[in-house]
Amino acid sequence: MTDTVDVTPVESASGPTRYDLTRAEFGALLDGEPRYRLDQVWSGLYEQLADPADITNLPKKLRQRLDDELPLALELVTESVSDAGDTVKFLWEIGGRSGGERSRIETVLMLYPDRATVCVSSQAGCAMGCGFCATGQAGFTRHLTTGEIVEQVVRASQTAKASGRRVSNIVFMGMGEPMANLDRVWGATERIHGDIGLSARHITISTVGVVPGIRALKDLPLPVNLAVSLHAANDALRNEMVPINKRYPIDDLLDACADYLEVKNRRVSFEWAMIDGVNDRDSDARELAELCWKLRPSAHVNLIPLNPTPGYPTKGTALKKVYAFRDRLEELGANATVRRNRGTDIDAACGQLAAGQPVTLSKKR
Ligand code: SAH
Ligand code: SF4
C-alpha cells in the first residue's frame, strides 16, 4: 500500500497530449488565431469527438499543427468484443513516467438498451492489494494523467458513436484506486462534465474506502455518485479482504459516507463481490443490513458474484445463492440489486482488468 496523497507529477517529459489541456490552456496555444477558433476546436474535440484532421471548419494548417503538437496518449493494442457486440474492452499502451517503461491499461464500453457506460481506469495497476482483484494482484505502476483519463472516455465514445450510440454514464471502476489519484480524477471529472457534457449524476467514483479521499470529494462541487467497495461488514473479515481497512476501519468509513450523503444528497452504494463461503453467509447479510440502516434511506447494495482471476482460487457464490442473499437483505430492510456481469469471456468484468500484466499467485483464500 502507498499513502493516499501523491503529488508526484506524472506528465511525461515529451509535453502535453491531446486531452491534457484545459480550455484556458488551449486558448494560450491558439494565441494569434481569431478568437472563435477556440470554440471551433473545443466543439470539434469534445462535442463532435472528432480528431483534429476531421474538424473541417478549421484551416488545414491548423488541423495539421494540432495533430503534430498534441498527439494522442493512448496507443490501441487490442479491442475485444463480447456479448454480441455490446461490451467492448480496449487495451491501451501508455508512455512511462518521464519517458520510462511503457505500461498497459484497460477501458470497457458497455452498451445497454437504455444507456451506454464507459468504465475508466484511474491508475496503471493499483497499490491497494485486494487479493481477489486482478488489478491488485498485478501491483501499481503509475497514476494516470487527467488527459489519459479523458482520452479513455473520448475514444470509447467514438466507438459508441460509430454504432449510433451516445455515452451516458461514466464509472471510475476500471484499474486503480481513484481516491489515490484524486487530483487527476477530479480534473477528468470536471472535463467530462463541463466539456463532454455529461451530468454529474451520471458519473460514479468507486473507492475501496480511502476515507480522506471521500472527505475531499465531499468538499468538491459536483454531486457525483459514490460507490464504496465494502465486501465485508466486520473489521476482522474486511482487514483480510481489503488491506486498506486496517488504516480506515468500517466505523470511520461509514462516518465519511454519512457526511458525503448529507452534503451531496447523492446515493451511496456498497459494492459486494460475493465469494463462496467467505462473505455470503446469513451472518454477513445481517451485518451488512445493519450497516445499510445506518445510512438509510440511501445505502444501496450491488451484489456481484466474484469473477475468476488468476491469483485467487476461491470461487464466486453460485447465482442462485446470490439471489437468495439479495432476498435476505431485502427482508432485513436493505435495498440490493444483483449486477449482471458483462464481458467475463474477454476478462472485461469487475476485478478482471490486469492489462496483460503478470500476477503474483496467491495461496490465500
Ligand atoms: N479501486 C476502486 C475502483 C475499482 S472498481 C474500488 O475498488 O472500488 C472495481 C470493482 O470491482 C470494485 O468494487 C472491486 O471491489 C470489484 N472487484 C474486484 N475484484 C473483483 C472480482 N474478482 N470479482 C468481482 N468484483 C471484483
Ligand atoms: Fe485496487 Fe479496487 Fe482492485 Fe482493490 S479492488 S486492488 S482498490 S482496483
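**Figure 1. L70 in this predicted model is buried, with a relative accessible area of 3%.** Buried means under 20% relative accessible area, exposed means over 50%, and partly exposed lies in between (1.4 Å probe, protein chains only). L70 belongs to the loop between α3 (60-69) and β1 (75-82). Helices (H or I, at least four residues) and strands (E, at least two) are DSSP runs, numbered from the N terminus. L70 and S157 are 87 residues apart along the chain, and 19 Å separates their C-alpha atoms. In this predicted model, local features need pLDDT of at least 70 and side-chain atom pairs count only at pLDDT 80 or more, while totals for chains, interfaces and linings use all residues. Residues are numbered from 1 along each chain as its sequence is written, chains are lettered from A and ligands numbered from 1 in the order in which they are written, and side-chain values use heavy atoms, with hydrogens and water left out.

**Figure 2. Ligand 1 sits in a shell of 20 residues.** A residue belongs to such a shell if one of its heavy atoms lies within 4 Å of the molecule. The closest residues are F132, S206, S229, H231 and N307. By class, the shell holds nine nonpolar, nine polar and two charged residues. Here Ala, Val, Leu, Ile, Met, Phe, Trp, Tyr, Cys and Pro count as nonpolar; Asp, Glu, Lys and Arg count as charged; the others, Gly among them, count as polar. Strands β8 (203-207) and β10 (268-274) each contribute at least two shell residues.

**Figure 3. Polar contacts of ligand 1 involve F132, S206 and H231.** A polar contact is a pair of N or O atoms within 3.5 Å; within protein, one must be able to donate a hydrogen and the other to accept it, and residues adjacent in sequence count only if both atoms are side-chain atoms. At F132, a polar backbone atom lies 2.9 Å from a nitrogen atom of the ligand. At S206, a side-chain N or O atom lies 2.7 Å from an oxygen atom of ligand 1. For H231, the distance from a side-chain N or O atom to an oxygen atom of ligand 1 is 2.5 Å. How much of ligand 1 does the protein cover? On its own, ligand 1 has 530 Å² of accessible area, and the protein covers 95% of that. The areas come from the Shrake-Rupley method with a 1.4 Å probe; for residues, only the protein chains shown count as cover.

**Figure 4. Ligand 2 is surrounded by C126, M128, C130, C133, G136, G176, E177 and V208.** Five residues of this shell are nonpolar, two are polar and one is charged.

**Figure 5. Y19, F26, W42 and Y46 are linked into a cluster by ring pairs.** The structure has six aromatic pairs. Rings of Phe, Tyr and Trp (its six-membered ring) pair if their centres lie within 6.5 Å; planes under 30 degrees apart count as stacked, over 60 as edge-to-face and the rest as tilted. Y19 and Y46 pair edge-to-face, at 5.8 Å centre to centre and 80 degrees between the planes. Y19 lies in the segment before α1 (23-29) and Y46 in helix α2 (residues 36-47), so this pair ties together parts that are 27 residues apart in sequence. Both Y19 and Y46 are buried. W42 and Y46 form a tilted pair: 4.6 Å centre to centre, 45 degrees between the planes. These two residues are four apart in helix α2, so about one helical turn separates W42 from Y46. Relative accessibility is 5% for W42 and 1% for Y46.

**Figure 6. R115 lies over the face of Y112.** The distance from R115 to the ring centre is 4.0 Å. A charge sits over a ring if NZ of Lys or CZ of Arg is within 6 Å of the ring centre and within 35 degrees of the ring normal.

**Figure 7. C119 and C350 are 231 residues apart along the chain.** Their C-alpha atoms are separated by 9.6 Å. C119 is part of strand β4 (residues 116-119) and counts as buried at 8% relative accessibility.

**Figure 8. A354 and M175 are 7.5 Å apart in space, C-alpha to C-alpha.** In sequence, 179 residues separate A354 and M175. A354 is in the segment after β12 (335-338). Its relative accessible area is 12%, so A354 is buried.

**Figure 9. N265 and D347 have positive phi values.** Phi of N265, a residue other than glycine, is near 60 degrees. N265 is in the loop between α9 (250-264) and β10 and counts as exposed at 65% relative accessibility. D347, also a residue other than glycine, has phi near 50 degrees. D347 lies in the segment after β12 and counts as partly exposed at 41% relative accessibility.
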